[in-house]
Amino acid sequence: MAARSAAPEKRPGFFSQIKSLYTFTRRSFGFLPWLLTGIFIVTTGLGIVVAFLIQPQWWNILLWGITGFLAGILASLMTMTRLSTRAMYDQIDGMPGAVGHVITTFLGRSWTASETPVGVNPKTQDAVYRAIGRGGVVVIGEGSQGRLQRLVNEERSKVNRVANGVPVHVIYIGHGTGEVPIKDLAKTIKSFPRKLDKATMVAVMKRVDSVSQSLASLPIPKGIDPTKVRAPRPR
C-alpha cells in the first residue's frame with residue numbers, strides 16, 4: 001500500500017498568478033493588451049520627460065526611464081485587479097450564491113458573514129444572508145423581493161428579539177427600484193456608520209448564532225465556484 005504523501009499542496013507562483021489574472025481579465029476585456037501597452041509607454045515616457053527637465057544626462061535619463069517602467073508595472077497590476085473584479089461581478093450577477101461569495105470575500109475584518117444562507121425558500125431557491133459588523137446587522141435578500149419578504153422579516157425579528165437596539169439593515173440584491181446591484185453590495189455594507197464596539201459586536205454575533213436554526217436539512221442553492229469566477233490576485 002502506497003504511503004500517503006504529507007507534502008503540502010503547492011501554491012501557484014507569483015508569475016503564474018499574474019498570468020492567470022491576465023487571462024481571466026482578457027476574456028472580458030479584449031482591449032487589455034493595448035491598454036497595458038499604453039500604460040507602459042506613457043509612464044516610461046513621463047519618466048524620460050522628467051529626466052530632461054531635471055538634468056538631461058544619459059545616466060539620469062536611464063534612471064528615470066527605469067523608474068517610469070516600474071511605475072508602469074505597478075499601474076498595470078492595479079488596472080488588471082480593478083478590471084478583473086469588475087469582470088468577476090459581471091459573471092456572478094444573478095447567480096445563486098453570489099451574495100455569499102461577496103460578503104465572505106470583500107467585507108474585510110470588520111464584518112463577519114457566512115457563505116451559507118440563513119434562510120432559504122426550498123421551492124424558489126430565494127435566499128437570505130446575514131452579515132454582522134461594527135455597523136450592526138445586515139440582512140441581504142437574494143432573489144425576488146416580493147417572495148423574500150417573509151424570510152427577511154423572520155430574520156429581522158430574530159435579531160431584534162436577541163439584540164434589541166442594534167441597527168438592522170435590509171438589502172435586496174437586484175437592479176430594480178430600491179435594490180442594490182451585486183457589484184455595489186460590499187460598498188453599501190461598508191458605508192453603514194459604526195454603531196457597535198468590538199465587544200458588543202462579538203456579543204451580538206453569539207446571541208444571533210444561538211437562535212439561528214440549522215439549514216442542513218433544507219435544499220440550499222448551489223453557490224458559485226470561486227475557482228471559476230474569482231479573479232486571481234497577485235500576492
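In which hand does α2 pass α3, left-handed or right-handed? The legends below take up this crossing and other close-up views of a predicted model.

**View 1. The crossing of helices α2 and α3.** In this predicted model, helix α2, which spans residues 32-54, passes α3 in a right-handed crossing. The axes of the two helices, α2 and α3, come within 7 Å and cross at roughly 150°. Because angles over 145 degrees count as roughly antiparallel, this crossing makes α2 roughly antiparallel to α3. Sorted by class, the residues in the contact of α2 with α3 comprise 18 nonpolar and nine polar ones, while no charged residues take part.

**View 2. The crossing of helices α3 and α4.** Helix α3 covers residues 58-92 and helix α4 covers residues 98-105, and their axes come within 10 Å of each other, crossing at roughly 150°. The two helices, α3 and α4, are therefore roughly antiparallel to each other. As for the hand of this crossing, α3 passes α4 in a left-handed manner, whereas the crossing of α2 with α3 is right-handed. On the α3 side the contact is made by Met88, Tyr89 and Ile92, which meet Ala98, His101 and Val102 on the α4 side. The residues of this contact divide into five nonpolar and one polar, with no charged residue among them.

**View 3. Confidence along the chain.** The pLDDT averages 82 over the chain, and 85% of the residues score at least 70. Confidence is highest in strand β5, residues 168-173, at a mean of 93, and lowest in helix α8, residues 226-229, where the mean is 47. Over residues 1-5 the pLDDT is below 50, and this stretch has zero contacts in the model beyond near neighbours in sequence. Residues 214-222 also have a pLDDT that stays under 50, although for this stretch the model has 15 contacts beyond four places in sequence.

How values were computed. Residues numbered from 1 in each chain as written. Predicted model: local features only at pLDDT ≥ 70, side-chain atom pairs only at ≥ 80, totals over all residues. Heavy atoms only, no water. Axes fitted to C-alpha atoms, helices over the stretch in contact; angles between N-to-C directions. Helix = DSSP H or I, 4+ residues; strand = E, 2+ residues; numbered from the N terminus. Parallel < 35°, antiparallel > 145°, perpendicular 65-115°, else oblique. Left-handed = near helix turned anticlockwise from the far one by under 90°. Contact = heavy atoms within 4.5 Å. Nonpolar A, V, L, I, M, F, W, Y, C, P; charged D, E, K, R; others polar. pLDDT = per-residue confidence, 0-100.
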